[in-house]
Amino acid sequence: MIGVTNMKKTNEILQQSSFSLEDITTLLCSQGEELILLFRKANEIRKQYLGNKVYLRGLIELSNICEKDCLYCGIRKSNIHVHRYNLSEKEVLDAARFAYENRFGSVVLQSGEITSQVFVRRIESLLLQIKSMTNDKLGITLSLGEQEPEVYRRWFEAGAHRYLLRIETTNEKLFRKIHPNNPLYDFKHRLDCLYSLRETGYQTGTGVMIGLPFQTVEDLAADLLFFRDFDIDMVGMGPYLEHSGTPLYENRDQLLPLEQRFNLSLKMVAVLRILMKDINIAATTALQTIDPLGREKAINVGANVVMPNITPIQYRKDYLLYEGKPCTNEEPAQCTNCLGFRINAIENEIGYDSWGDSRHFFARRENRNRENLTGTAESDS
Ligand code: SAH
Ligand code: SF4
């Protein structure tokens, strides 16, 4: 009886065009037949708004040197057991060329957070070189943490056009629990960075970790509402995975079992797709860490972007944000073959040679232009 009532509820919610915190929490708690309905709806929306194309971003993990000490991250500054590396310019350019020649369409440059002038110039120079080497054909996303607005601007002008900066959690109290208590960690500053990225003109992406200790389903529902209210262009979110070399490992007894963290992550992807129909949503590597078919499953419930790792193989084992990361001993070429095969196997198609930009970004920009025009017309009259 209870099942029937709940099912009606989920069914009803799925018919709505707007959703409250309570509705989203209910959706995130869906199980059994309710869950099948939720996943089916998310998949339909993705197909209807974005077709069956899945876009690739070749992930280049530039360096595991980091000035920060996030309590959950394996490459945090205080983890003295990490062998630190910095890719050479040639290694980065070779990886970008690999992505270009294999028709990936885009790369993501990611690293620990470094704010030195040397780093800023190095990224600027790499961007200019990648752009010129590929005749401006390769799209570039950055994921290089919190930086000054001026730095975001310089990198944008040098050719980057998308930026990922996860808010990690929108519950400020929880944010403080999972980060050290020092001025480098200020929730408001992280938000300001997101505003600054958007103001600069980037397609702006954020995300959260799912299944953190102390995190509730309501927190996650609020995260989804934040993405919607911020009007974000792209989201990358995945399960939190503990790393034995980090302080948060002490709280591992409070974690959901891996399978539940995985299922909750799939539900987050599905509900987000229902909330934000035309944004880009990544099927993250952390999902693949729990289930070898994790990324494919995420695509089936609303994700449309995959980030195959194309970091030179000898460095992969040193970029362990969490333990158990897959593909640390797989050559980029093997990775690509395996991915194409898997994506086709779930009746989707890779969008080769395409930047696969966020449709939401263009719709948002058009809306803003229209508002500006209306504003001008009104003030003229
Ligand atoms: N230094 C940059 C980019 C690299 S970290 C930054 O922090 O923005 C990229 C993402 O990895 C982080 O945003 C975080 O969400 C994720 N991450 C770090 N440690 C993790 C863990 N233990 N489990 C799951 N995701 C983790
Ligand atoms: Fe550094 Fe990013 Fe890891 Fe934090 S999450 S310690 S900023 S690499």
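In which hand does α2 pass α10? In this predicted model, for which local features require pLDDT of at least 70 and side-chain atom pairs pLDDT 80 or more, while totals for chains, interfaces and linings use all residues, α2 passes α10 in a right-handed crossing, that is, with the near helix turned clockwise from the far one by less than a right angle. Residues are numbered from 1 along each chain as written, ligands are numbered from 1 in written order, and side-chain values rest on heavy atoms, without hydrogens or water.

The axes of helix α2 (residues 21-28) and helix α10 (residues 258-275) come within 9 Å and cross at roughly 135 degrees, the axes being lines fitted to C-alpha atoms over the stretch in contact, with angles from 0 to 180 degrees between N-to-C directions. That makes α2 oblique to α10. For helix α5 (residues 117-133) and helix α6 (residues 149-157), the axes come within 8 Å and cross at roughly 20 degrees; α5 and α6 are therefore roughly parallel to each other, a term for angles under 35 degrees. The crossing of α5 and α6 is right-handed.

Key. Helix = DSSP H or I, 4+ residues; strand = E, 2+ residues; numbered from the N terminus. Parallel < 35°, antiparallel > 145°, perpendicular 65-115°, else oblique.
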